[in-house]
Amino acid sequence: MSKMANILSFSPAKSPMSGTMGAVYSRAPALLLPLIGLLMFLAIWNGVAKSIDTSLGQFPGPAQVWEQAGSLITEHSAQREKADAFYTRQEERNAARVAQDPTYEPKTREFTGSPTFFDQIWTSLYTVMVGFLIASVIAVPVGILCGLSKSAYAAINPLIQLFKPVSPLAWLPLVTMVVSALYVSDDPMFSKSFVTSALTVSLCCLWPTLINTAVGVSAIDKDLINVSKVLRLTPMSHLTKIILPSSIPMIFTGLRLSLGIGWMVLIAAEMLAQNPGLGKFVWDEFQNGSSESLARIMVAVLTIGAIGFILDRIMLSVQRAVSWDKTSVLR
Amino acid sequence: MTKFKNVSMLKQIKKKMTAGITAAIALSFTLGAPLASAQSDVKVGWPEKEELKFGFIKLTDMAPLAIAYEKGFFEDEGLYVTLEAQANWKVLLDRTIDGQLDGAHMLAGQPLGATIGFGTEAHVVTAFSMDLNGNGITVSNEIWEKMKAHIPVEDGKPVHPIKADYLKPVVEEYRDAGKPFNMGMVFPVSTHNYELRYWLAAGGIHPGYYAPHKGDNAGQIDAEALLSVTPPPQMPATMEAGTIYGYCVGEPWNQQAVFKGIGVPVITDYEIWKNNPEKVFGVSQAWAEKYPNTHIRVVKALIRAAMWLDENDNANRPEAVKILAKSNYVGADEDVLANSMTGTFEYEKGDKREVPDFNVFFRYNATYPFYSDAIWYLTQMRRWGQISEPKSDDWYKETARKVYKPEVYAMAAKALIAEGKAKATDFPAFATETGFKPPQSEFIDGVTYDGSKPNAYLEQFGIGLKGETVL
């Protein structure tokens with residue numbers, strides 16, 4: 001539990017504690033200041049929102065957003081009830097068809113209703129994790145190679161510099177067309193839209209990990225390299241005992257940057273290509289043009305922010321767990 | 001718009017072969033032959049594909065899809081359908097072509113444009129027309145004030161329909177002052193583009209030509225009014241910003257301008273061409289060939305939905321509005337949707353008039369895919385240069401047959417009649433139906449359209465390409 005609090009606190013809590021009151025006093029700024037910041041933000045938001053009139057009505061303030069968050073939850077449970085009814089109907093229809101046509105093998109299909117806000121969150125999370133994993137599996141080994149060998153770095157560096165600044169919006173059409181051309185199957189395991197989104201995320205979030213890994217590996221303390229030489233470590237041991245442990249902080253810095261970029265890229269890709277996920281939710285609401293749309297988009301914006309923050313904190317705690325130098329300050 | 005060559009060579013060859021075969025089949029139907037008369041057996045086989053995904057754009061005329069889903073008409077056919085909103089017409093078309101969508105709510109011009117290769121090239125077909133009418137043309141307050149000076153008034157209200165003749169002096173004033181007169185429509189092959197052009201040209205304002213053979217797809221050659229693509233939801237904002245002075249779009253974006261007080265709808269498409277065909281349900285030809293039973297069953301479900309929407313003098317429309325207002329369908333506010341769906345239209349603020357046929361889904365054979373409707377769109381593509389070369393009357397008819405599939409519709413309708421879900425009198429007489437409506441004359445410029453003589457039809461217009469003219 002305290003570990004969890006650590007993850008979620010906004011500043012490293014390393015103050016010595018003396019008694020309960022002491023703990024409250026020493027913790028007060030850490031808890032109070034973020035709270036003050038948040039309240040100020042809410043107050044400014046509320047004030048500014050009132051004076052913005054859009055074509056879809058007044059810009060939503062915190063109250064309307066809160067209300068829409070509630071209605072999204074209600075919609076989610078209503079949709080679950082519809083899903084149950086759907087499955088019951090499906091069973092009946094399957095039974096009726098088997099009665100007419102005994103050769104028919106009934107199968108249960110997924111509910112075909114529209115995904116709710118929470119379904120979309122799950123889709124986005126799943127997609128970004130897959131894209132991020134693909135990117136990491138490529139970027140870490142290539143980064144290590146670049147860090148170890150000056151010539152490999154010289155060969156790959158121009159490519160890194162060339163592709164690093166490319167926006168997801170530029171990759172997306174290419175990825176979409178290539179996936180459509182190559183990923184042809186009658187019964188695909190993943191939908192095309194999922195593959196497209198995940199690959200676009202990978203292409204965009206490859207670079208920070210790659211660069212940071214390369215820098216981390218090439219900056220290893222000369223003493224450690226010498227130790228390795230003296231002990232005549234095999235290349236494998238040299239990698240696992242010397243290189244990886246000492247470059248872990250840099251690799252993780254890269255991974256954290258990558259995950260952050262991946263999450264941003266995913267939302268943009270989903271909006272543009274109408275692939276399922278939070279991005280599609282935002283675009284659909286924008287197109288709805290109802291008086292509630294903006295408040296619902298704002299719910300999505302806050303959710304996207306919160307998830308991005310939580311993802312980063314999770315990476316940070318993983319980094320803490322695997323880092324050998326427990327005294328270094330991570331934030 | 002650029003031409004997209006996004007398919008591999010192999011795919012192209014395959015496509016050309018299929019297109020050839022279909023053209024041969026289409027040719028074997030002669031003009032006036034009864035359709036699907038050989039189909040005495042009306043029992044439709046089990047669907048080959050049961051899980052389907054259909055795309056739509058958030059507009060009130062996607063209603064047949066939403067109703068067929070919500071009322072269980074798809075499930076009655078053994079189909080498990082997912083409906084998915086798409087970002088724009090281009091994404092929707094591309095996804096239907098590459099198979100991510102099994103079918104979609106499309107602009108009537110899209111299957112035709114795609115099949116003849118204007119824009120994205122692919123063979124797309126339709127067996128179901130989704131509705132009649134449903135669009136309007138709106139101008140900004142400033143333009144309206146200037147137009148008003150020329151419009152005759154009766155009982156303190158402007159006389160409708162308002163012709164573009166009254167806009168002409170305003171356009172000239174702008175042009176004399178050296179300012180381009182910009183207007184918006186939603187897509188190059190959209191019904192809105194052709195309706196806006198028709199209205200402008202009827203009033204003597206040249207809307208400009210396309211010249212795809214020269215790589216000019218802006219459609220502004222010789223134009224007095226410059227038309228450009230603006231996505232529907234952005235129309236009011238773009239007009240408010242002064243980038244365009246008017247636009248042609250579907251609902252609720254005309255009424256939105258009235259609610260916001262930024263513009264005045266001057267005319268509905270119903271007044272430009274009474275009961276004009278609007279959207280269609282499109283699938284790729286490859287899909288239609290692979291899943292014939294599924295295709296018929298989808299059309300069956302959609303016919304039932306359209307019947308439900310128009311039943312008992314639109315008695316179900318309030319319920320339909322409630323369904324459409326859900327955020328996964330159109331999602332706009334109920335009162336905005338209800339305005340046009342229940343048969344009223346507000347022009348200038350306070351000037352609310354009855355337009356009972358603003359949205360027609362079933363009556364007047366609205367769902368039947370008439371060849372003559374397809375040919376009208378093709379004539380407009382020719383008129384404005386999207387088809388740059390002269391074409392014979394037979395070419396128009398062949399192209400219409402390649403894209404419009406009334407034989408599939410007829411099989412679906414017959415199956416519904418056999419099941420007792422519809423009456424034979426609800427449909428055209430399939431034994432004698434030629435697919436050509438009798439000549440229609442209810443256009444704003446009084447020109448008569450006879451779908452069997454497309455070239456002669458084009459000859460009647462003062463503005464527009466015709467005969468052997470090539471830009």
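Student: How many bridges join strand S1 (residues 51–56) of chain B to S3(B), and do the two run parallel or antiparallel?

Tutor: S1(B) and S3(B) run parallel, and 2 bridges join them; strands (E, at least two residues) and helices (H or I, at least four) are DSSP runs numbered from the N terminus. This is a predicted model, in which local features need pLDDT of at least 70 and side-chain atom pairs pLDDT 80 or more, while totals for chains, interfaces and linings use all residues; side-chain values use heavy atoms, without hydrogens or water. Residues are numbered from 1 along each chain as its sequence is written, with chains lettered from A and ligands numbered from 1 in the order written.

Student: Which residue of S3(B) is the bridge partner of Gly55(B)?

Tutor: That partner is Ala104(B). S3(B) also pairs with strand S14 (residues 279–284) of chain B, over 4 bridges and in the antiparallel sense; pairing requires at least two DSSP bridges. There, Leu107(B) has Lys279(B) as its bridge partner.

Student: Why is S3(B) said to be largely enclosed?

Tutor: S3(B), residues 103–107, is largely enclosed by the rest of the structure because 5 of its 5 residues are buried, that is, under 20% relative accessible area (1.4 Å probe, protein chains only). Gly103(B), His105(B) and Leu107(B) point one way, Ala104(B) and Met106(B) the other.

Student: New topic: how many residues of chain A are in contact with chain B?

Tutor: In chain A, 40 residues are in contact (heavy atoms within 4.5 Å) with 37 residues of chain B. Thr112(A), Gln287(A) and Asn288(A) supply 19% of the area that chain A buries against chain B, more than any other three residues. Together the two chains bury about 3200 Å², counted as the accessible area (1.4 Å probe) lost on being put together, summed over both. Carbon and sulfur atoms hold 44% of it.

Student: And how many salt bridges are there between chain A and chain B?

Tutor: The count is 8, a salt bridge being a Lys or Arg side-chain nitrogen within 4 Å of an Asp or Glu carboxyl oxygen. In one of them, Lys82(A) meets Glu70(B) at 3.3 Å, N to O. On the side of chain A that touches chain B, H3(A) gives the most, with 9 residues.

Student: Where is Lys437(B) found, and is that residue buried or exposed?

Tutor: Lys437(B) lies in the loop between helix H18 (406–418) and helix H19 (454–459) of chain B. Its relative accessible area is 17%, so Lys437(B) is buried. Leaving aside neighbours within four places in sequence, Lys437(B) is in contact with Asn275(B), Phe370(B), Ser372(B) and Asp373(B).

Conventions
Buried < 20%, exposed > 50% of the residue type's maximum accessible area, 1.4 Å probe, protein only.
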